[in-house]
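Please keep the sequence and the 3D view open while reading the points below.

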Amino acid sequence: MDVRVIRYDHPDARKLDAEVQVEYAERYGEGDLTHMDAAHFDPPHGLYLIVYDTDGTPVASGGWRSQERSEEGYEDGDAEIKRMFVVRAARGRGLARRILAALEDSAREAGRVRMVLETGTEQPEAIGLYTSSGYAPVTKFGLYRFEESSRCYAKLLTDATGAASATDATDATGLTDGFTSAPISHP
């Protein structure tokens, strides 16, 4: 497995985004209409990762983008998780959990204080991943905050004293590949 920092407008990112949109449509009747721009994920205000299989096929993705207090319900210092996705053939290998840990480390290094995400009742696997990773339900935020099927979760990225949690071995960007503690590849 190879984890790479990729721009959200990269062809492989677009390919995985198209696949996740199909899955959203299967589960909810339509894709995600949340506005997203590639620049939202540019460090240090965000990050977008893709996991490539040993044959170079993109099999998983996930990103975070900075958010601040807004009428949509975000809070100052939020890092919003977006486009966490693992293709069906690669599920069950722990890829989403590893991406999530790398995203949390990156957001913490960028000074973000809370990871937030929105998912839905038709994604029980996502809810299970997040709750088992320390995320707790919070007041709904974002585009779908008024939808009955929407579920929002958050996790503090600092301990009770406000200090950042310890991280594993990192490269100059503060990221590891989440698999071998080797530095993440940069294009």
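The side chain of S133 reaches the backbone oxygen of L129 at 2.8 Å, a polar contact, meaning a pair of N or O atoms within 3.5 Å in which, within protein, one must be able to donate a hydrogen and the other to accept it, while residues adjacent in sequence count only if both atoms are side-chain atoms. This is a predicted model, in which local features need pLDDT of at least 70 and side-chain atom pairs count only at pLDDT 80 or more, whereas totals for chains, interfaces and linings use all residues. Residues are numbered from 1 along each chain as its sequence is written, and side-chain values use heavy atoms, with hydrogens and water left out.

- S133 lies in the loop between α3 (124-132) and β6 (136-137), where helices (H or I, at least four residues) and strands (E, at least two) are DSSP runs numbered from the N terminus.
- With a relative accessibility of 15%, S133 counts as buried, a word that stands for under 20% relative accessible area, with exposed meaning over 50% and partly exposed in between (1.4 Å probe, protein chains only).
- Setting aside residues up to four places away in sequence, S133 touches R97, L100 and K155, contact being defined as heavy atoms within 4.5 Å.
- S133 and R97 are 36 residues apart in sequence, and their C-alpha atoms are 8.0 Å apart in space.

**Aromatic pairs and the ring of Y8**

- The structure holds 5 aromatic pairs, counted for rings of Phe, Tyr and Trp (its six-membered ring) whose centres lie within 6.5 Å, with planes under 30 degrees apart called stacked, over 60 edge-to-face and the rest tilted.
- In one of these pairs the ring centres of Y8 and F41 are 5.0 Å apart and the planes meet at 40°, so the pair is tilted.
- This pair links distant parts of the chain, 33 residues apart, with Y8 in the loop between β1 (2-5) and α1 (11-28) and F41 in the loop between α1 and β2 (46-52).
- Y8 is buried, with a relative accessible area of 4%, and F41 also counts as buried, at 3% relative accessibility.
- Y8 and Y48 form an edge-to-face aromatic pair, with 5.2 Å from centre to centre and 75° between the planes.
- Because Y8 lies in the loop between β1 and α1 while Y48 lies in strand β2, this second pair ties together parts that are 40 residues apart in sequence.
- Y48 is buried, as is Y8, and ring pairs link Y8, F41 and Y48 into a cluster.

**Charges over rings**

- R14 lies over the face of Y8, at 4.6 Å from the ring centre, where a charge sits over a ring if NZ of Lys or CZ of Arg is within 6 Å of the ring centre and within 35 degrees of the ring normal.
- The charged end of R4 sits over the ring of Y52, at 4.0 Å from its centre.

**Backbone features**

- P43 and P44 are joined by a cis peptide bond with omega at about 5°, and P44 has its place in the loop between α1 and β2.
- R83, in strand β4 (residues 78-86), has a phi near 60°, a positive value in a residue other than glycine.
- R83 counts as buried, at 5% relative accessibility.

- About 800 Å³ of space lies in the largest pocket, the volume being the space filled by probe spheres set on grid points that are joined across faces, edges and corners.
- A pocket is here an open set of points on a 1 Å grid over the protein atoms alone, where a 1.4 Å probe fits and protein lies on both sides within 12 Å along at least five of seven lines, and lining residues have an atom within 4 Å of a point.
- Of the 35 residues that line the largest pocket, Y24, M84, T119, Q123 and A126 are the closest to its centre.
- The lining takes at least two residues from each of α1, β4, α2 (95-109), β5 (114-120) and α3, and its largest share, 6 residues, comes from β4.
- T119 is found in strand β5 and counts as buried at 5% relative accessibility.
- The side chains of T119 and Q123 are joined by a polar contact of 3.2 Å.
- Leaving aside neighbours within four places in sequence, T119 is in contact with Y28, A126, I127, S149, S150, R151 and Y153.
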